[in-house]
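Hi everyone, thanks for coming. I'll take you through one structure today, so let's get it up on the screen.

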Amino acid sequence: MSPPAVPRAPKATTSLLQRRSPLAQPLQQRATLAALDLSQTRHQGDFDQALAAQGCQSLRPDALEILQLNIGKLCNMACRHCHVDAGPDRTQENMDRDTIDACLAFLDQTTAHTVDITGGAPELNPHFRYLVDQCVARGKQVIDRCNLTVLLLAPLADLPQWLADRGVTVVCSLPHYRQRNTDRQRGDGTFEQSIAALRRLNAVGYGQGDPQRQLTLVTNPVGALLASNQAKAEQEWKAGLLQHQGVSFDRLIALNNMPIARFLEWLEASGNLQAYMELLVNAFNPATLSGLMCRQTLSIGWDGFVYDCDFNQMLDLPIRQNPRAGEPGDRPRLQIRHCTPSDLAQRQIITGSHCFGCTAGAGSSCGGALS
Ligand code: SF4
Ligand code: SF4
């Protein structure tokens, strides 16, 4: 089954891959970050030093709680800040049914209580509904990371009710509750379409306090700034969206933008890269370390390779076989088909300067602020 054709939707830019930008290559992204001089910042901009100062020689995983599946890079949008470099042109990178079944077989061996489905726009993967049904049948909590505008596509018109019937938690990205800021990051018309989609979710019971129909909004700064105070922003957003748009939601989570892919490109092009990295490093907050998502979450790519988190996935920093055996070297990357939970328990989480994005300020993870 091939992915559906992607109808018109707001687009702020195009993918790095489509533009043949050198930054489309994760190696080039890592080199760009490595070339920055952060010697004047806290811990000389070295994440391992920042950990060591807290008496922590390396990051290690706790018990697995969340299996995050990135089921493709195809998206109906092309936002300026996208760390996935997703877009309508990314039709080749979609998880196939065999890989989904391998993920489910792995899930059955784990303690994970939640499956977090992301992309791209995961709903555009032809196996999305199969995956959700399989996870629900196993009694797992399911999260759909949704960009909202995708819900307006004609083939997905029934999706809000379909998700509600299965108790899927919908986590929706919306940069800001004001039109100008949202459209600047995601393209003209995004705000209007997002509000229309939120109305559809409200109409089927989402965003009104029902634990089976939880609607979370995700905001990230528009610009080279840290995420705003989550609790304060939630109150402001709830009041603003209800008063001006008549829509409600349950929870707001505020994330830092990661210096990866298109946000990295924007930082570099706008002359903000050095200052943004210094901001992240100098805002290192040790209280975030225990909640870092890589400690409780495992991230699987569309092709079945296994990563500590979605950010390591985009920077092509895979978990390799024999995690107890010294330096990674040329060890093969770990495939979910050949992986058991015990292969992963003793591993050392792969870190780099991008990790300061997770530890800056109140911290940042797929579940929101960490402290
Ligand atoms: S940020 Fe989300 S909605 Fe925007 S292009 Fe990336 S995956 Fe698509
Ligand atoms: S980017 Fe964040 S989640 Fe990923 S390994 Fe670094 S600290 Fe952990």
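Let's start with Phe47, which counts as buried because its relative accessibility is 2%; buried means under 20% relative accessible area, exposed over 50%, and partly exposed in between, using a 1.4 Å probe and protein chains only. Phe356 is buried too, at 0%.

Before I go on, a bit of housekeeping. This is a predicted model, so local features need pLDDT of at least 70 and side-chain atom pairs count only at pLDDT 80 or more, while totals for chains, interfaces and linings use all residues. Residues are numbered from 1 along each chain as its sequence is written, chains are lettered from A and ligands numbered from 1 in the order in which they are written, and side-chain values use heavy atoms, with hydrogens and water left out.

Okay, aromatics. How many aromatic pairs does a search of the whole structure find? Six. Rings of Phe, Tyr and Trp (its six-membered ring) pair if their centres lie within 6.5 Å; planes under 30 degrees apart are stacked, over 60 edge-to-face, and the rest tilted. Phe47 and Phe356 make an edge-to-face pair, 5.1 Å centre to centre with 85 degrees between the planes. Phe47 sits in helix α2 (residues 47-52) and Phe356 in helix α14 (residues 356-359), so this pair ties together parts 309 residues apart in sequence. Helices here are DSSP runs (H or I, at least four residues), strands are E runs of at least two, and both are numbered from the N terminus.

Now look at Phe263, buried at 3% relative accessibility, and Tyr276, buried at 1%.

Next, charges over rings: that's when NZ of Lys or CZ of Arg is within 6 Å of the ring centre and within 35 degrees of the ring normal. Arg97 lies over the face of Tyr130, 3.4 Å from the ring centre. Lys238 does this with Phe249, at 5.7 Å.

Finally, what surrounds ligand 2? Counting residues with a heavy atom within 4 Å, the neighbours include Cys294, Cys309, Cys355 and Cys358, along with His354 and Phe311. Helices α11 (293-296) and α12 (310-314) are the elements that each give two or more residues to that shell.
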